[in-house]
Amino acid sequence: MTGLDVAVVGSGPAGLYTAEALIKQAAALDPPAEVRVDVLDRLPTPYGLVRYGVAPDHPSIKSIAEYLRKILENPQVRFLGGVHLGDDVTRADLLASYDAVVYATGAMRDRRLGVEGEDLPGSYAATGFVNWYCGHPDMDPGTFSLDAESVAVIGVGNVAVDVARILVRDPAELASTDVSQPVLDTLTASKVREVHVIGRRGPAQAKFTTKELRELGELAGVDIVVPAQEADLAAFDAAGEGERLAESDRRVRGNLAVISGWAARSPAGHARRLTVRFWLRPVKIEGAERVSGLTVERTRLDEQGRLTGTGELETISVQMVLRSVGYQSVPLAGVPFDERSCTVPNEAGRVLGPDGAPLPREYVSGWLKRGPTGVIGTNKSDAADTVRSLLADCCGGEGRDEAARAAAREHLTGELAARGVLPVSYADWLRVEQAEMSLAAALGRGARVKLASRAAIDAACRPPVA
Ligand code: NAP
């Protein structure tokens, strides 16, 4: 039997599905290979976007963490939290300690709009807002005060749906979720009464998935408004693209049914309103000291299907703007990166060097490999694809004896200790979970409540010795 030690960088869905695929596929080889996987994460907490991206009011998606937990608890897997590739370890350290390295760090940077006023106070990336309400350790719980009455969310994908829903949902409905107490307090005190979700193309071109979209129209105490002309497929589309998309794509048909239903609704006079707009592109975020409005230009598709501005401008009065126009991966120190696609160049998960040839023993999976698309489950097949390449390349050799493997495996922990880095173990993380459950009980709120800061997480990981 061949033995293989692999480092996976990133403990989100992509990293943990990679660990799972490694164990399963290696065991199914003839002869089987025995794999040990170290999963590193720069954060002290595992699960990546499942913990810090999925909205607190989507418990069924969050329950994926239970599946991922079983992977982390596999005896062939070890969690090394709080270890940052770049600051704490180098790519060379990893290649010296393991037979192979898989990069699975996802996409954590926001994309920018490139319009005037984007950096005004009150203009934020939706990714920051998501991190805030998910209690990301990098985020100060006081970052958002929600004193705006009217908010624009730019972009018509599922992240835009998430942030719009969190902004207009009755905060009392979030009390039983894991949202941290300072975030819940801010949402409870929120002055937001109107949210405008703005798409630069039409309803047929919107990226929403229908289930997520439909949920917006079912929120208690919220009026949903869509201008009838903007819901009309033909009004701004001289190329007939929307009609063709509707014919060929079931998701588009589902979205259109939801949107036209909303366009036909009359507002019931609820306290909060969600307006969904189409064929408007942002041209300027207005304001002197802080955001006071958003100027948009009416767009249309010309006969050739090109998106063009019509010159017709509209300024929407808002005091906060959230750009929700997609995530981007960030380069990892020493690892090839394509600045155009913001991914690691690869072929079936094999990292490609500057000459286009695969770099030995280096692999990539998840959003870092293919860009920020698909649902969480998409990462499972993606990881399986990368692992097939890895095992085809790395198995079948002579292999090292157990002593050599153990020495190489401990090389990394030795290096880390020499640098004063003490990785967060799975047992340490379980103490954080325990603290979150105790906090929920103390507050009389649901099954768990997230600790509100990095300091609180660090203290729970390693309680002071009495
Ligand atoms: P997305 O689906 O790619 O949507 C990005 C939106 O931003 C699109 O509407 C895009 O319009 C728009 N946009 C891009 N550049 C723009 C610009 N300069 N001006 C105006 N609009 C611009 O990205 P996302 O919403 O961040 O979601 C990322 C991934 O996570 C997706 O696969 C999504 O399904 C997934 N996700 C899933 C869930 C869930 O299942 N519940 C929740 C959250 C996220 P164009 O199409 O015109 O470019």
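1. Two strands pair if DSSP finds at least two bridges between them; helices (H or I, at least four residues) and strands (E, at least two) are DSSP runs, numbered from the N terminus. In this predicted model, local features need pLDDT of at least 70, side-chain atom pairs count only at pLDDT 80 or more, and totals for chains, interfaces and linings use all residues. Residue numbers start from 1 along each chain as its sequence is written, and side-chain values rest on heavy atoms, with hydrogens and water left out.

2. Six strands form an open sheet in the order β6-β14-β7-β8-β10-β9, with parallel pairing. The edges are held by β6 (123-125) and β9 (222-225), each with a single partner strand, so one side of each has no neighbour in the sheet. On average, neighbouring strands are turned by 20 degrees against each other, direction ignored.

3. Within this sheet, β8 (residues 194-198) pairs with β10 (residues 272-277) in the parallel sense over five bridges. Val197 stands opposite Val276 in β10. Helix α7 (residues 158-168) packs on the sheet and touches β7 (150-154), β8, β9, β10 and β14 (320-323), where contact means heavy atoms within 4.5 Å. The direction of α7 makes about 170 degrees with that of β8; angles run from 0 to 180 degrees between N-to-C directions, and axes are lines fitted to C-alpha atoms, for helices over the stretch in contact.

4. Helices α11 (residues 241-248) and α12 (residues 250-263) pack at an angle of about 115 degrees, with their axes 5 Å apart. The contact is made by Leu245, Ala246, Glu247 and Ser248 of α11 and by Arg250, Val252, Arg253 and Leu256 of α12.
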